[in-house]
Amino acid sequence: MSAADLQPSGSGPAGREQAGLEHAGSDRIGSLPMPVAAQGASDADRVQLPSQLLHARPNQRWQVAEPNSETSSALARAARIPQTLAELLVARGITDADDAFAFLNPEQTHLHNPLLMRGMNEAVDRLERAIALHEPVLLYGDYDVDGTTAVVLLKTAIEMLGGVVRFHVPHRLREGYGLQSSVLESAYAEGVRLVITVDTGMRAFAEAETARRLGLDLIITDHHLLEAGDAVPHALAILNPNQPGCAYPEKSLCGAAIALKLAQALLERRDATKTREKTLPSFLKMAAIATIADAVPLRGENRTIATLGLRELRRPAGVGLRALFAAAALDPSTKQLTGFDVAFRIAPRINAAGRMDVASEVIELFSTRDAARAAELAAKLERLNRERRETEAAALAAIHARLGADAELIADRLLVVDGDGWHRGVIGILASRVVERTAKPAIVVSVEDGLAHGSGRSVDGFQLLNALESCADLFTRFGGHAFAVGFAMPAENLPYLKLRLRAYAELHLAAREPEHMLRIHAELPLDRITPVLAGWLRKLEPLGHGNPEPIFLARKVRVVSARIMKERHIRLELTQRPESSSAPHSFSTPAGSRAVIRAVGWDMAARAAALQIAQGSLIDIAYRIRENDHPEFGGLEVEMACGSLSKCPKTTRPTPERGPAMPREGCPNCYRSFSWPSGLGFSPDGLGFDLGGGLLCGGLFGCDSRFRGGLLFGCKLPPECPAEGGGSFSALIGVLE
């Protein structure tokens with residue numbers, strides 16, 4: 001990041017050993033949806049499945065969240081929000097109106113004081129002394145999004161105060177993850193006396209001892225978790241909210257966010273007002289990218305960092321960010337960036353440098369002020385990301401072919417698939433893809449020059465690291481956590497690993513059949529999808545791990561039309577009888593003219609054909625609400641997470657009874673409330689009306705719509721209304737029930 005992006009402008013969650021293991025977040029982004037088509041990938045990027053594997057797909061079980069009608073209704077009334085939104089907030093543990101307001105409206109005052117973090121004062125004191133004495137400071141990072149952006153943040157802050165900074169990001173294949181004693185020795189010989197790690201260091205005991213022996217002061221900034229009773233390396237200061245004795249309130253910060261807190265504390269020593277008003281908002285850009293990419297829970301301070309950072313990213317000042325946005329075909333000046341954009345369009349391009357080449361060029365991209373050089377570096381990241389996709393697709397095709405042809409292998413409860421020369425930078429992604437396809441734990445192994453490097457991903461309820469520990473004698477090094485592991489071993493040990501892991505899985509997974517769990521957050525009939533509700537749901541952004549995108553359930557939906565797109569996807573037009581809604585008061589279209597809503601199902605053509613879905617079919621669907629901005633056929637639509645005929649797949653509860661509708665509502669932007677006319681029906685999702693000629697929503701959006709003869713005519717919204725983005729909508733034509 002250039003100084004223009006960080007200076008005043010007038011902006012895996014679990015631990016890992018030194019085993020070459022990438023962050024779990026580097027190839028999965030929490031609960032964000034991952035349709036390839038939505039990522040801008042062509043159908044050429046998609047891997048065709050062998051028919052044996054396609055038909056062997058595991059079952060999917062729908063788990064419908066149990067509503068707390070009394071609590072959510074109370075929250076809806078107190079916070080003046082729609083019932084549906086209240087249900088989603090209660091599911092997130094938010095039951096108080098003030099907490100709901102804070103969650104929906106993050107602001108800078110929600111950031112914690114960095115001095116609450118143990119070791120912060122000592123770290124800032126030593127940094128200030130180094131800056132004053134012009135001592136070179138070595139920043140030692142990691143090769144993923146979190147590690148590289150953390151280096152950018154600290155480098156910029158130190159240089160803003162006149163400090164001298166050097167940095168080192170290890171090569172994934174040649175050096176592997178973590179601090180290296182050889183690098184420390186070279187730095188000492190070149191005059192470095194202070195080393196700061198970012199996003200690494202909590203397991204670097206031997207390297208910390210090297211630093212102590214050389215006379216290097218070591219500051220460790222890291223977020224990886226510690227087991228109870230674990231020792232910590234010897235260092236001048238350790239900044240990790242998970243370390244014993246640390247009172248910092250937010251325990252799930254990513255590495256770049258901890259670097260942000262150190263930068264904030266350092267800059268506030270010089271000028272607290274300027275830092276908070278001008279510099280900190282700019283720094284939140286990098287921290288937001290890392291927070292979303294590293295899949296830490298988007299709650300608490302993480303949500304504040306991500307939300308405010310996305311807001312600042314609308315105005316990228318540095319040539320590096322602008323070049324990266326251009327390479328990713330993003331224009332934040334015309335379309336607001338979302339967590340999805342960062343997770344699936346920005347982060348993969350940054351990660352591609354560390355996966356396929358050298359990550360240090362990411363730091364150069366965000367540091368340069370030369371627009372031509374920035375464009376060159378962004379173009380290289382684009383090329384590396386394309387190569388990564390091609391490399392991944394080729395290996396994935398080979399894996400799918402193996403699974404489709406080898407009945408014994410696909411029958412294993414824990415899949416171990418190896419290949420000669422598969423790129424080690426993508427084997428973690430490949431393992432994730434196999435888990436997504438089979439609902440089984442999977443390990444993908446690359447064999448080259450007599451060595452085997454593996455990366456694994458697991459499923460809920462199976463501790464993959466424990467499985468590796470049962471074979472510890474086979475590895476030269478290994479590590480990870482419950483859901484993600486990595487290892488290295490002599491290739492000759494691979495057959496023994498397969499045999500022992502097969503026996504371990506048979507013992508620990510014998511009672512479990514592979515199945516995908518689809519978690520449905522609430523029931524919402526299609527006739528209750530409105531622009532106003534969509535405006536409220538946008539306030540849940542940014543979505544991701546810990547703050548999943550809502551998936552809704554609609555029962556007994558009628559298919560009006562169905563067609564296949566590109567032989568793989570389906571496009572439906574759907575309608576639903578208003579009486580299928582369990583809401584006591586609803587707003588619907590006139591009899592005989594029920595509203596039709598478009599629906600898309602990615603990679604669902606084969607499933608639709610097997611279920612014989614056609615015009616007139618009655619189906620249940622689990623879906624996400626989408627806002628299509630196409631100039632010709634834009635508007636609200638739904639993206640199906642799964643579709644079936646009228647009988648719903650097994651669920652964990654019956655259809656719920658909804659609580660009473662709210663007597664008051666509020667604007668999703670300004671929160672001003674309005675009252676409903678006594679005795680008249682109303683929608684609990686934000687649509688007000690008044691047969692006597694009153695204004696929709698009490699005029700909160702500047703509406704001029706009125707009911708005339710029982711009909712609500714099109715509503716005009718002011719262009720400055722962020723809740724709806726201005727313009728007009730005409731889908732609200734209907735009658736009172």
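1. A charge is taken to sit over a ring if NZ of Lys or CZ of Arg is within 6 Å of the ring centre and within 35 degrees of the ring normal. In this predicted model, Arg193 lies over the face of Tyr188, at 3.8 Å from the ring centre. Arg303 is placed over the face of Phe103, at 3.9 Å from the ring centre.

2. On conventions: the model is predicted, local features need pLDDT of at least 70, side-chain atom pairs count only at pLDDT 80 or more, and totals for chains, interfaces and linings use all residues. Residues are numbered from 1 along each chain as its sequence is written, and side-chain values use heavy atoms, with hydrogens and water left out.

3. Five aromatic pairs occur in the structure (rings of Phe, Tyr and Trp, the last by its six-membered ring, with centres within 6.5 Å; planes under 30 degrees apart are stacked, over 60 edge-to-face, the rest tilted). The pair Phe340 and Phe344 is tilted, because the ring centres are 4.7 Å apart and the planes stand at 45 degrees. Phe340 is buried at 16% relative accessible area, and Phe344 is buried at 8% (buried: under 20% relative accessible area, exposed: over 50%, partly exposed in between; 1.4 Å probe, protein chains only).

4. Phe462 and Tyr504 form an edge-to-face pair, 6.1 Å centre to centre with 70 degrees between the planes. Their relative accessibility marks both as buried: 5% for Phe462 and 15% for Tyr504.

5. A further aromatic cluster comprises Phe475, Phe478 and Phe487.
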